[in-house]
Amino acid sequence: ATDETHDRSGHFAFLASGAVWLSFAFFLLTTMAFGVLQNFAPAILSHVYGVSLIVASSGLTAYLVGSGTGMLAAGFLKDRADRIVAPALGFAAVMAAVLAWGEMPSVALWPLMVGLGFGVGFSGPGRDLLVRRAATSRFGRSSFGRVYGFVYSGLDAGQALSPLVFGPVLDAGHFRRPLIAIALLQGAALLTALRVSSRVRLVEPQGVRTTAFDPETGRAQAP
């Protein structure tokens with residue numbers, strides 16, 4: 001089918017796609033997890049690990065350093081990046097679970113936060129490729145703008161919901177529960193990524209295949 005055929009089916013036909021909604025949920029879940037750290041990491045880590053706010057704040061810095069390093073490393077994987085989304089999120093979920101355990105020595109705080117950030121960052125380039133495949137496999141290349149705009153609104157939704165959900169939890173004095181929630185959210189994001197990938201693989205042989213381009217030559221590669 002051509003892009004024109006997909007356009008005639010309606011500008012909002014993508015809303016009937018399960019892969020698109022799963023991609024939206026993926027961004028919602030991962031951003032809610034990040035929102036916990038962005039807004040509350042110093043308070044959570046200082047209470048769970050008994051460190052000063054300065055040390056706890058440096059834990060957030062360690063997370064951001066790990067995230068940037070992971071995203072940079074994944075960028076070199078090119079076409080394989082979308083295949084490492086689930087393993088990267090699984091690693092992040094394990095790091096969050098160990099943090100939530102709270103029985104590690106305080107010196108382990110920085111390596112764990114770096115590991116958590118690395119896992120999340122490592123999944124970044126792959127998630128974008130996964131969304132691109134979800135958009136083009138069924139609706140064609142002309143749907144990029146609509147699908148990207150809708151799916152990426154999950155980022156804003158997650159950022160908005162996170163403090164509303166977890167702020168009252170901290171007010172009640174449950175500082176370990178948000179860390180447990182981060183692990184669960186990363187695990188749920190892992191499952192949604194696997195579902196998106198499986199749905200795309202089912203649709204691609206029958207629909208429009210995404211054309212891959214070699215960034216060095218600028219030429220299309222054979223599927």
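Is F12 buried or exposed? F12 is exposed, because its relative accessible area is 62%, where exposed means over 50%, buried under 20% and partly exposed in between (1.4 Å probe, protein chains only).

## Basis of the model

The model is predicted, so local features need pLDDT of at least 70 and side-chain atom pairs count only at pLDDT 80 or more, whereas totals for chains, interfaces and linings use all residues. Residues are numbered from 1 along each chain as its sequence is written, and side-chain values use heavy atoms, with hydrogens and water left out.

## Overall architecture

The chain contains 8 helices and 2 strands, which are DSSP runs numbered from the N terminus (helices H or I, at least four residues; strands E, at least two). Read from the N terminus, the order of elements is α-α-α-α-α-α-α-α-β-β. Buried residues make up 46% of the 223 in the chain.

## Nonpolar surface patch

F12 belongs to the loop between α1 (3-8) and α2. Together with L15 and W21, F12 makes a nonpolar surface patch of about 330 Å². Patches are made of residues with over 30% relative accessible area and no salt bridge; like charges are joined within 9 Å, and nonpolar side chains (Val, Leu, Ile, Met, Phe, Trp, Tyr) within 5 Å. Accessible areas come from the Shrake-Rupley method with a 1.4 Å probe, and for residues only the protein chains shown count as cover. A salt bridge is a side-chain nitrogen of Lys or Arg within 4 Å of a carboxyl oxygen of Asp or Glu.

## Second largest pocket

The second largest pocket has a volume of about 240 Å³. Its lining comprises 15 residues, of which T30, T31, F34, V120 and R127 are the closest to the centre. Two or more lining residues come from each of α2 (18-49), α3 (53-74), α5 (109-122), α6 (124-139) and α7 (144-171). Helix α2 gives the largest share, 4 residues. By type, the lining holds 7 nonpolar, 7 polar and 1 charged residues; Ala, Val, Leu, Ile, Met, Phe, Trp, Tyr, Cys and Pro count as nonpolar, Asp, Glu, Lys and Arg as charged, and the others, Gly among them, as polar.

On a 1 Å grid over the protein atoms alone, a pocket is an open set of points with protein on both sides within 12 Å along at least five of seven lines, while a cavity is a set where a 1.4 Å probe fits but cannot get out; lining residues have an atom within 4 Å of a point. Grid points are joined across faces, edges and corners, and a volume is the space filled by probe spheres set on the points.

## Cavities

The structure has 2 cavities of 30 Å³ or more, and the largest cavity has a volume of about 50 Å³. Its lining consists of L22, S23, F26, F27, R127, L130, V131, T192, A193 and V196. The lining divides into 7 nonpolar, 2 polar and 1 charged residues.

A25 lies in helix α2 and counts as partly exposed because its relative accessibility is 22%.

D156, in helix α7, is exposed, with a relative accessible area of 57%. Its C-alpha atom is 7.8 Å from that of L28, at a sequence separation of 128 residues. G124, in helix α6, is buried at 4% relative accessibility. G124 and A74 are 50 residues apart along the chain, and their C-alpha atoms are separated by 7.7 Å.
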